[in-house]
Amino acid sequence: MTKKYTGGKIFTALTYVFLYAPIIVLIVFSFNSTKSRTIWSGFTLNWYKELFSDRLIMSSLQTTLLVSVVASLVAAVIGTFAAIGFYNMKKNWRGPLLTVNNIPVINADIITGVSLSLLFVSAGALMGFELGFGTLLIAHISFDIPYVILSVMPKLYQLDRNLFEASQDLGCTWFQTVYKVIIPEIMPGIINGLLIAFTMSVDDFVISYFTAGSSVQTLSMTIYAMTRRRISPKINAISTLLFAVVLILLVIVNVRESRQHKAELKKEKMLKGAN
Amino acid sequence: MSKNKVFSGALRAVGGFFDRFRKQSFAYPYVLWMALFVVVPIILIAVYAFTSAQGHFTLGNFSGMIDYVPVFVRSLWLAFLATVICIIIGYPVALAISRMNPRTQRVLIMLIMLPMWINFLLRTYAWMSLLENTGLINRLLGAVGVFDLINSLHAGDAAYTPITHFQLINTNGAVILGMVYNYLPFMILPIQSVIVKIDPFVIEAAEDLGANSRTVFRKVILPLSLSGVVSGITMVFVPAVSTFVISKLLSNGTVMLLGDLIEMQFAGAAYNPHLGSAISLIMMVIVVICMSLMNRFGEGEEQAVMM
Amino acid sequence: MKKSIIVIISAVLLLGLFSGCGGSTASKGVVNVYNWGEYIDTDLLTQFEDETGISVNYKTFESNEQMYSVLKQGGVSYDVVIPSDYMISRMIDEDMLQPLDFANIPNYSLIDGGLKNAAYDPDNVYSVPYMWSTVGLIYDPTVVGEVDSWGALFDSKNSGNILMFDNSRDAMGIALKYLGYSLNTTDKSELEKAYELLKQQKGILQGYVMDQIFDKLESGEAAIGPYYAGDFLTMHENNPNLKFCIPTEGSNVFVDAMCILKNAQNKENAEAFINFMTATKNSAANSEFIGYTSPNKEVKDLLDLDELTESVMYPDQALLSKCESFINLPQETLDYYDELWIKLKS
């Protein structure tokens with residue numbers, strides 16, 4: 001039995017090495033005392049110091065976080081309500097609307113970016129505004145909402161329709177039903193969608209590249225500009241920090257989840273024991 | 001009596017209509033948003049594709065498309081290869097993970113998702129340090145003596161120039177490697193999540209009926225996991241076809257893909273949004289065709305996103 | 001689960017707000033500058049902000065053509081742009097620039113007379129020179145031997161070590177010069193021949209680069225490539241093996257100048273910036289840092305240059321006479337250039 005699986009296990013281990021090797025190299029060379037990305041000459045924290053004093057990188061980090069948080073929150077609100085609305089529609093309306101909703105997800109991001117830039121530039125010429133934080137935010141919200149909807153819809157379908165009837169029989173209006181019954185039930189789906197939307201926004205490069213204009217820059221755009229010029233190990237430093245932050249976050253979430261899991265198992269045991 | 005019934009029935013119908021309207025109205029703001037920010041931009045692309053720089057209707061942007069067929073073919077081919085490689089690597093890994101106990105599985109899945117959270121520009125850039133002529137892989141091979149060995153094999157050949165490195169970067173291979181590296185997790189995760197959901201009783205039943213593990217795999221697991229593979233293909237192929245960062249970073253402009261071509265027309269060296277829109281339109285059509293073919297076989301992107 | 005999400009989001013928000021601290025907010029407004037990459041001593045930007053209180057939003061582009069695309073696409077507004085000579089004349093023709101108010105740029109008097117009344121801005125209305133330099137071959141003689149001709153870029157003996165310009169005019173220009181034609185030819189057959197030469201080169205080329213060339217030549221990743229003389233001096237500091245030459249077939253001499261866009265929103269701040277960069281002290285510091293030649297006539301005496309730097313920064317008349325300037329080409333030719341360039345890269 002185990003013999004058959006070791007081949008698979010070795011293959012899997014190799015794949016993980018493949019996935020992590022470049023990242024480890026990046027991290028190691030972020031501490032290199034010379035600019036070289038391939039020859040090790042000694043340990044230093046200089047690049048991190050330079051990173052924090054680099055105004056452009058810090059402001060683009062701030063922009064990225066701001067846009068991602070705001071866009072994912074707005075998307076969560078609009079998306080949840082939209083999903084509830086879609087849920088109540090007749091099938092022949094819902095189908096095409098959901099297809100249109102999926103367009104930003106299926107479409108290559110360069111097309112989304114380029115098409116939005118055409119829109120913003122033409123509208124801007126007519127109405128006198130330029131590409132900037134506003135257009136960047138709108139673009140991010142636009143590609144975040146579909147992920148929220150795709151996350152919430154399955155949860156809505158899992159809901160027991162009797163819940164609505166029950167709450168309305170008990171005297172709730174539709175709005176009250178939504179706030180007090182539906183939303184708490186689908187909250188895991190909303191949170192999930194929020195997280196996915198946030199990830200998509202933070203990681204986005206192409207759409208931001210075409211819609212941010214000259215006055216704001218996201219972190220991805222700054223990194224791209226850095227790769228087009230002299231490469232500085234500051235990029236390695238950014239990678240290391242991002243990796244550390246994400247690692248810590250994922251560990252926290254996982255530890256919490258396994259603790260909750262253990263608590264639930266304990267509860268079950270106790271209940272069984274009581275019987 | 002019946003008049004009352006009809007009347008109250010009509011009232012209920014009207015009330016129901018308004019009720020439904022109220023319930024549906026939650027979606028109306030978003031429908032408006034979609035119309036403005038999803039539909040209109042695509043219409044704009046179509047408009048630009050069919051107009052000339054002077055503003056007249058023209059098919060001229062499409063007539064020159066023959067020149068760019070090599071770029072289309074190259075993009076589709078490289079994306080296809082990258083997708084196939086992702087399946088070849090991703091499926092066994094997903095299978096292996098799904099066979100482990102749940103706690104290990106959770107850790108392993110977390111480890112797969114971790115690189116995805118790091119900016120993909122950085123992940124691609126990381127490969128530059130490894131693949132360059134003076135990069136780590138070539139250095140390692142040189143230190144171990146691989147090049148000396150190869151050179152000594154050709155010692156008698158007058159026409160042979162000794163090599164100091166393997167050409168790894170600036171090749172189609174480097175671009176495919178970049179694609180596989182960036183999108184492999186998107187193939188592993190959907191397959192794993194689908195395999196894990198297969199009812200273990202089904203497998204037990206198959207074994208009870210006399211199937212050995214290879215038959216179980218071929219006849220039970222494989223067919224049931226196909227929808228995961230389809231999701232994975234969706235998540236890998238489309239980004240691979242349209243990328244321009246991977247080709248820019250790993251090929252220094254020698255391998256031009258559709259994404260590079262489009263980017264050139266809008267923010268790059270040859271400003272022509274009409275040509276760029278025409279190429280984008282064709283790319284959209286190709287993607288829609290591929291995706292509808294895929295949808296015949298599975299859930300498609302919806303399951304893909306939710307993994 | 002909910003609680004941990006809230007904790008994480010608030011932590012992220014706090015981090016975001018915290019990362020914004022440490023930057024001083026300027027009181028006198030902002031100036032948006034769009035310049036070539038690796039083309040300024042960034043200390044000067046901080047100095048400008050301290051002296052005038054105007055905050056600088058500094059962005060870079062890779063080539064004249066890329067800058068043009070971004071500006072033409074619209075939706076962006078820059079105040080100061082620093083294109084090259086031929087691009088300036090194109091932008092003047094297409095009404096993209098506005099006349100400068102030289103009362104706000106008194107340092108203009110320090111500009112060398114030979115650079116005034118240039119072909120691209122004959123009445124000195126739209127531009128103030130920023131830096132000038134030449135295009136030449138940068139190479140590592142220990143790998144490719146001694147070089148004095150553009151032919152080295154097309155020689156298969158150097159295969160895999162060759163880099164080339166990633167913009168149409170510089171790349172085609174080199175091919176045209178090697179074939180003996182003018183940089184500014186509009187003759188389609190000559191352009192075709194240049195294109196064919198470049199197409200052949202693609203097989204032995206390592207890559208099309210602009211500022212990525214710095215790392216490649218300094219680390220030895222590549223061994224030969226055309227680039228600007230000023231950048232050679234910077235690369236030479238990091239890799240003393242490198243040598244520079246202006247090939248016998250002739251080359252390009254160019255001037256980059258500061259202009260103000262028509263839709264600029266901070267005209268006075270822009271003129272203050274231009275004036276600042278032209279001042280002798282600042283231009284000298286800039287010149288020393290980036291290696292290009294300052295247009296300010298007082299700078300040469302201020303700088304203490306070694307022999308190599310002086311020969312590259314201030315080439316003698318014999319070399320300069322071999323160099324041609326780019327001029328803007330008619331729209332038809334420009335379209336043909338775009339067509340050939342896309343075909344080449346495809």
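In chain B, helix α2 (residues 28-49) and helix α14 (residues 273-295) have axes that come within 7 Å and cross at roughly 120 degrees. Keep in mind that this is a predicted model.

**Helices α2 and α14 of chain B**
- As for handedness, α2(B) goes past α14(B) in a left-handed crossing.
- On the α2(B) side, the residues that touch are Ile42(B), Ile45(B), Ala46(B), Tyr48(B) and Ala49(B). Their partners in α14(B) include Pro273(B), His274(B), Leu281(B) and Met284(B).
- Sorted by class, this contact has 9 nonpolar and 3 polar residues, with no charged ones.

**The two domains of chain B**
- Where they touch, 5 residues of domain 1 of chain B contact 7 residues of domain 2 of chain B.
- About 530 Å² is buried between these two domains, and carbon and sulfur atoms give 80% of that area.
- Ile45(B), Tyr48(B) and Ala49(B) account for 82% of the area domain 1 of chain B buries against domain 2 of chain B, more than any other three residues.

**Helices α6 and α9 of chain B**
- Helix α6 (residues 120-131) of chain B packs on helix α9 (residues 172-196) of chain B at about 135 degrees, with the axes 10 Å apart.
- This pair is therefore oblique too, α6(B) to α9(B), and here the crossing is right-handed.
- Phe120(B), Arg123(B), Thr124(B), Trp127(B) and Leu131(B) of α6(B) meet Ala174(B), Leu177(B), Tyr181(B) and Asn182(B) of α9(B).
- The class breakdown for α6(B) with α9(B) is 6 nonpolar, 2 polar and 1 charged.

**The two domains of chain C**
- For chain C, the assignment gives domain 1 (27-132 + 254-312) and domain 2 (134-252 + 315-345).
- The C-alpha centres of these chain C domains are 25 Å apart.
- Across the boundary, 23 residues of domain 1 of chain C are in contact with 26 residues of domain 2 of chain C.
- The buried area comes to about 2000 Å², with 59% of it from carbon and sulfur atoms.
- Within domain 1 of chain C, Tyr86(C), Phe254(C) and Val312(C) lose the most area to domain 2 of chain C, together 30% of what that side buries.

How values were computed. Residues numbered from 1 in each chain as written. Chains lettered and ligands numbered in written order. Predicted model: local features only at pLDDT ≥ 70, side-chain atom pairs only at ≥ 80, totals over all residues. Heavy atoms only, no water. Axes fitted to C-alpha atoms, helices over the stretch in contact; angles between N-to-C directions. Helix = DSSP H or I, 4+ residues; strand = E, 2+ residues; numbered from the N terminus. Left-handed = near helix turned anticlockwise from the far one by under 90°. Contact = heavy atoms within 4.5 Å. Nonpolar A, V, L, I, M, F, W, Y, C, P; charged D, E, K, R; others polar. Buried area = accessible area lost by both parts, 1.4 Å probe. Domains from an automatic or database assignment. Parallel < 35°, antiparallel > 145°, perpendicular 65-115°, else oblique.
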